[in-house]
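Dear colleague,

Please find the sequence and the structure below. A summary of the findings follows them.

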Amino acid sequence: LKCGSSKKHGSPQASSLAVMAVKFIYFPLWAKGPACALALEHSGLEWEGSFPTPDWKTMKAETPWLELPVLEIPGIGMVGHEAAILNYIGQQVPKMAGETPAEFLISQQLMNEGEDIYKKLGLIKTELLSPDQAAAFWTDTDTATHNRNFGINVFLMLLDKFYKKCDAGEGKFTSTGTTVGECKLFTMLHACKMIKGDVMDNFPGVKAFYDRFASLEKTQTILTTGGKMGGVFNQYFTS
């Protein structure tokens, strides 16, 4: 990454770079990569995708933060971190960020709520929660506890309340329904659904969002074939 570049986002040079294909790299796992792949697919940006080379140790040393995902951007270089990549997509394609300041803030909140769910699933995956704590994540409805202890039903309850507040209707939180935050949220809802198929059944707003987003052709491309990734993202999280 070329730090401190003086190029302006709206300059002709920046615009010409935007039409060149970016390259997204992540593991074939449904974790930190699918949200970016979904956002790239829905954005209309020119992009390529790939899984890391077999010699991951060598490639790892070339990444900015010694981890994936990364996005290789012509004229800028390799950028790391899921949130940075998602927000770059939103900066390049404003509808992906949110059509209005209010929708931008909706998208950003959904992105962070999705990340909170990711962190809890990560604690279960790495066995940093006891078996009882892991089981409670799927059943607990206590909203009075510290948010670090929230179970999935609390997250979904809050999201369902937020869905009603946003009042976009038609299974959307925003007017487009495909902002980067909605891509991130869908990714984590799908991760939960792969573990517990009926997880959203008691939350009609969230389920409407999930079902609509899942049915979109570009979403189906990522779900069924991986699209430009060249292969599917496999289930990573478990109960």
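Which residues in helix 8 and helix 10 meet? Leu 156, Leu 159, Asp 160 and Tyr 163 in helix 8 meet Pro 204, Gly 205, Val 206 and Ala 208 in helix 10, where contact means heavy atoms within 4.5 Å.

Before the details, some conventions. The model is predicted: local features need pLDDT of at least 70, side-chain atom pairs count only at pLDDT 80 or more, and totals for chains, interfaces and linings use all residues. Residues are numbered from 1 along each chain as its sequence is written, and side-chain values use heavy atoms, with hydrogens and water left out. Helices (H or I, at least four residues) and strands (E, at least two) are DSSP runs, numbered from the N terminus.

**Helix packing**

Two packed helices are described by the angle between their axes and the distance between the axes. Axes are lines fitted to C-alpha atoms, for helices over the stretch in contact, and angles run from 0 to 180 degrees between N-to-C directions.

Helix 8 and helix 10 (residues 204-215) pack at an angle of about 80°, and their axes are 7 Å apart. Helix 8 is therefore roughly perpendicular to helix 10; angles of 65 to 115 degrees count as roughly perpendicular, those under 35 as roughly parallel, those over 145 as roughly antiparallel and the rest as oblique. By class, the contact of helix 8 with helix 10 has six nonpolar, one polar and one charged residues. Here Ala, Val, Leu, Ile, Met, Phe, Trp, Tyr, Cys and Pro count as nonpolar, Asp, Glu, Lys and Arg as charged, and the others, Gly among them, as polar.

The axes of helix 6 (residues 101-125) and helix 9 (residues 180-195) come within 7 Å and cross at roughly 30°, so helix 6 and helix 9 are roughly parallel to each other. Helix 6 passes helix 9 in a left-handed crossing; a crossing is left-handed if the near helix is turned anticlockwise from the far one by less than a right angle, and right-handed if clockwise. The residues of helix 6 in this contact include Leu 110, Met 111, Glu 115 and Tyr 118, while those of helix 9 include Lys 184, Leu 185, Met 188 and Cys 192. The residues of the contact of helix 6 with helix 9 divide into eleven nonpolar, three polar and three charged.

**Salt bridges**

Side chains of opposite charge can pair when their charged atoms come close. The structure holds seven salt bridges, a salt bridge being a side-chain nitrogen of Lys or Arg within 4 Å of a carboxyl oxygen of Asp or Glu.

One of them joins the side chains of Glu 82 and Lys 32 (3.5 Å, N to O). This pair links distant parts of the chain, 50 residues apart: Glu 82 is in helix 4 (residues 82-92), and Lys 32 is in the loop between strand 2 (29-30) and helix 2 (34-43). Glu 82 counts as buried at 6% relative accessibility, and Lys 32 counts as buried at 18%. Buried means under 20% relative accessible area, exposed over 50%, and partly exposed in between (1.4 Å probe, protein chains only).

The side chains of Lys 184 and Glu 82 also meet in a salt bridge (2.8 Å, N to O). That pair, too, links distant parts of the chain, with Lys 184 in helix 9 and Glu 82 in helix 4, 102 residues apart. Lys 184 is buried, with a relative accessible area of 1%.

Asp 198 forms a salt bridge with Lys 196, the closest N and O atoms being 2.9 Å apart. Asp 198 is partly exposed at 41%, and Lys 196 is partly exposed at 29%. Salt bridges that share partners join Lys 32, Glu 82, Glu 115 and Lys 184 into one network.

**Backbone features**

Most residues other than glycine have a negative phi, and most peptide bonds are trans. A cis peptide bond joins Leu 68 and Pro 69, with omega about 15°. Pro 69 is found in the loop between helix 3 (56-60) and strand 4 (70-73).

His 81, although not a glycine, has a positive phi of about 80°. It lies in the loop between strand 5 (77-80) and helix 4 and is partly exposed at 38% relative accessibility. Glu 170 also has a positive phi, near 55°; its place is in the loop between helix 8 (152-166) and helix 9, and at 66% relative accessibility Glu 170 counts as exposed.

With kind regards
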